[in-house]
Amino acid sequence: EGDIFYNIVEPLPAETPPWALDAAFLTGKSFLLGCLSNYSWTRGTDRLIDLAVLLKKAGRDDIGFVVAGTHGLTPSMPGMLGKIARQGGGLDAYARQRGVADMFSFTGHVSEPERILAAVDAVIKPTREANPWGRDVLEAMAAGKPVISVGEYDRFVETGSTGILQPHWDAGALVDAMGQLVDDKQETERMSAQARARVTEYCDGPTQSEALRLIWQRVAGAS
């Protein structure tokens with residue numbers, strides 16, 4: 001209950017230069033998915049490798065992943081992730097071990113994440129916390145990028161409107177949904193416009209400032 005304010009987000013400047021990606025990685029890629037997040041188990045970035053394995057099996061290695069942020073692993077992680085960490089490897093080593101390294105570009109820390117947004121076609125947040133929001137989501141939408149994420153809160157990411165929202169992570173179902181999105185450029189463009197309009201509606205600076213002014217005015221009047 002009460003009044004809710006959303007973080008203000010500025011649109012991506014039209015002149016933003018895209019992140020320079022390696023030509024070998026780009027070969028054969030017709031659709032790029034960006035992920036902007038330092039790695040942690042709860043953020044679920046390792047799920048992208050599972051997704052890439054299924055995409056490759058389905059013959060969809062035309063989709064590439066651009067992962068910005070630190071991608072180190074910790075030895076306490078379960079299974080193969082922990083084993084790779086104990087050997088000094090990170091998510092890039094995990095991708096190589098699973099046979100999908102050619103589908104990934106790991107950029108490391110990026111001081112200008114807007115350049116990643118300019119380079120990709122959509123953004124994915126494979127969270128284990130079921131929280132399909134955050135600066136990565138809001139700035140992606142402001143840049144006109146459809147978002148793929150996990151959870152039930154659909155104020156921002158909404159299936160069929162601004163992207164793909166799974167109530168629970170299902171890589172197999174996501175492969176099918178992504179394939180349809182990649183193959184339908186008009187649908188991608190429609191979602192891009194919807195994403196930009198959605199974040200403008202809730203995160204526009206003047207609109208939020210006016211809403212806050214009205215609340216202060218109401219509080220002052222009540223006192």
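User: Which residues does F104 touch, not counting residues up to four places away in sequence?

Analyst: Keep in mind that this is a predicted model, where local features need pLDDT of at least 70, side-chain atom pairs count only at pLDDT 80 or more, and totals for chains, interfaces and linings use all residues. Residues are numbered from 1 along each chain as its sequence is written, and side-chain values use heavy atoms, with hydrogens and water left out. Contact here means heavy atoms within 4.5 Å. Leaving out residues up to four places away in sequence, F104 touches F25, L48, I49, A52, F65, V67 and A95.

User: Which residues in the largest nonpolar core touch the most other members?

Analyst: A nonpolar core is a set of buried Ala, Val, Leu, Ile, Met, Phe, Trp, Tyr and Cys residues joined through side-chain atoms within 4.5 Å. Buried means under 20% relative accessible area, exposed over 50%, and partly exposed in between (1.4 Å probe, protein chains only). The largest core has 36 residues, and those touching the most other members are L33, L51, F65 and F104.

User: How many residues of β1 are buried?

Analyst: Helices (H or I, at least four residues) and strands (E, at least two) are DSSP runs, numbered from the N terminus. F31, L33 and C35 point one way from β1, while L32, G34 and L36 point the other way, and all are buried. That leaves β1 largely enclosed by the rest of the structure, with a buried count of six of the six.

User: Is A68 buried or exposed?

Analyst: A68 has its place in strand β2. Beyond its neighbours within four places in sequence, A68 is in contact with several residues, including C35, T107 and I116. Its relative accessible area is 6%, so A68 is buried.

User: Which elements do the buried residues of α6 pack against?

Analyst: Helix α6 (residues 135-142) is largely enclosed by the rest of the structure, because six of its eight residues are buried. Those residues are D136, V137, L138, A140, M141 and A142. They pack against β1, α5 (113-119), β4, β5 (147-150) and α8 (185-203).

User: How far apart are the closest N and O atoms where K125 forms a salt bridge with D136?

Analyst: A salt bridge is a side-chain nitrogen of Lys or Arg within 4 Å of a carboxyl oxygen of Asp or Glu. Both K125 and D136 are buried. The closest N and O atoms of this salt bridge are apart by 3.3 Å.

User: How many residues apart in sequence are the parts that R60 and D183 tie together?

Analyst: The side chains of R60 and D183 meet in a salt bridge at 3.0 Å, N to O. R60 sits in the loop between α2 and β2 and D183 in helix α7, so the pair ties together parts whose separation in sequence is 123 residues.

User: Is W216 buried or exposed?

Analyst: You'll find W216 in helix α9 (residues 205-222). F5, L212, W216 and V219 make a nonpolar surface patch of about 380 Å²; patch residues have over 30% relative accessible area and no salt bridge, with like charges joined within 9 Å and nonpolar side chains (Val, Leu, Ile, Met, Phe, Trp, Tyr) within 5 Å. Accessible areas come from the Shrake-Rupley method with a 1.4 Å probe, and for residues only the protein chains shown count as cover. At 55% relative accessibility, W216 counts as exposed.
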